[in-house]
Amino acid sequence: AGAFVVLKHDTLLSSNASRNVDSAHKVNSGAFTDTGEYDKFLRVAPKDVPKVKPKHYPSKTSAQSTLSSTGVAATSEKSNEKPETATSASSSTAAEDFVREHQHIEQEHHSDTVLSTLGSYVQDGDGEQQLYYQKDVDVPLFWHIPRSGGTTLQDIFGSCLGLTIANNVGVLDGHNSDESIQTFRYGEGATYVNVDTTSKEGLIRAKKLGLVQSNLADVVVTPYLYESADLFNDLPEETEKKGRCFTILRHPIERAMSVFFYLQSTSEELKFRLMTIEEYAESAYCEENWMVRFLTNKMSDPITEDDLEIAKTILEHKCLVGFLDKLAESMGRFEKYFGWSNINTDGGQQCGREKMITEGDNVHKHPHYERYSRVWSLLEEKNKYDMKLYDHAEKIFLNQAFLTQG
């Protein structure tokens with residue numbers, strides 16, 4: 001499979017904030033580990049990554065029937081090797097299936113254990129799950145997927161809903177050196193907690209400072225479900241808290257195209273300015289099944305159908321789902337579920353809520369490639385499991401309607 005490049009970016013998640021630069025070089029497998037937005041301070045490692053080309057292997061039948069230039073039939077280098085019997089092949093397959101099933105069960109158990117600190121949206125067999133938001137117990141946790149409307153939502157959180165936000169703005173102006181948890185207002189914008197919940201290191205610091213038990217954050221923003229779930233572990237006995245995940249999804253191919261053109265228009269890396277989208281789609285820079293990887297915490301090794309099934313279960317049980325192409329309806333669901341209301345008496349017109357929803361924020365217009373085009377096919381092959389997850393998410397969206405009815 002080879003190694004894919006992970007691009008590390010640090011961009012403020014509000015249009016009112018300036019950009020924060022943090023040098024980092026990471027190598028991983030097909031996923032950007034970042035806050036979610038791709039900015040002009042892009043760093044890449046290594047500098048020159050070869051295209052990922054599929055390998056073609058001749059079948060046994062074609063190899064046996066092919067004649068060499070001397071007219072001699074092609075044979076195996078190990079001519080004295082005994083042919084594999086049907087019994088041994090069957091035993092090998094059974095063993096591989098057993099190992100794979102065992103790994104699948106282990107991964108499911110690991111996910112259930114780590115994410116147990118997040119509230120559920122699906123009732124279990126005993127009917128003991130609390131499906132609805134409890135203000136004194138639950139902390140809204142926005143799972144930020146890159147180029148999927150996250151900046152727009154966070155502007156609405158701060159400017160229209162008056163929420164105090166924990167993202168990466170909180171470490172600006174020297175606040176990364178603060179020794180105690182506090183809030184501050186950045187410029188004329190929203191109020192932030194002085195932590196960075198968009199990086200793994202930042203989440204560790206946020207836990208040490210006691211972000212959850214401080215009750216300062218109305219909403220926590222992060223791309224890392226597993227690391228952020230740990231915020232709710234080891235709390236004082238009198239503190240009962242759970243995270244309540246919600247998210248906005250965008251069609252994986254539309255999102256992949258947006259990622260490329262954002263990189264091309266904002267990156268200082270010449271390679272992206274000279275690269276075509278076809279070259280990008282065939283390269284190691286292109287993301288591969290970002291959603292499934294982050295839901296299963298599998299940042300290396302190939303994604304499988306088993307990983308997809310785990311990701312489906314986690315998304316359905318642990319996240320209130322919304323869609324970028326249904327942003328008004330989705331935002332309405334979030335506001336109703338969490339009990340949020342506009343701080344403006346004019347229904348949010350003063351903060352520009354409706355304009356932000358219809359026009360978006362941090363939007364970069366770019367060429368669009370239709371389904372069945374070569375670009376679409378290349379990106380679809382890279383993100384086939386995210387495509388299947390997205391289709392499943394549409395069913396989840398319909399099934400979760402009851403959570404905000406009545």
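Hi everyone. Some ground rules before we look around. Because the model is predicted, local features need pLDDT of at least 70 and side-chain atom pairs count only at pLDDT 80 or more, while totals for chains, interfaces and linings use all residues. Residues are numbered from 1 along each chain as its sequence is written, and side-chain values use heavy atoms, with hydrogens and water left out.

Let's start with strand β8, residues 242–249. Helices (H or I, at least four residues) and strands (E, at least two) are DSSP runs, numbered from the N terminus. Is β8 enclosed or open? Seven of its eight residues are buried, so β8 is largely enclosed by the rest of the structure. Buried means under 20% relative accessible area, exposed means over 50%, and partly exposed is in between, using a 1.4 Å probe and protein chains only.

Next, a helix pair. Helix α3 (residues 150–160) packs against helix α12 (residues 327–338) at about 45°, with the axes 12 Å apart. Axes are lines fitted to C-alpha atoms, for helices over the stretch in contact, and angles run from 0 to 180 degrees between N-to-C directions. On the α3 side the contact uses T152, L153, I156 and F157, and on the α12 side L327, M331, F334 and E335. Contact here means heavy atoms within 4.5 Å.

Now zoom in on A256, which sits in helix α7 (residues 252–266). Why is A256 called buried? Because its relative accessibility is 9%. Beyond its neighbours within four places in sequence, A256 touches Y280, L379 and N383.

Finally, two loop residues. Most residues other than glycine have a negative phi. D173, in the loop between β4 (164–166) and β5 (183–185), has a positive phi of about 55°. D173 counts as exposed because its relative accessibility is 63%. N297 lies in the loop between α10 (290–296) and α11 (305–318), and its phi is positive too, near 60°. At 30% relative accessibility, N297 counts as partly exposed.
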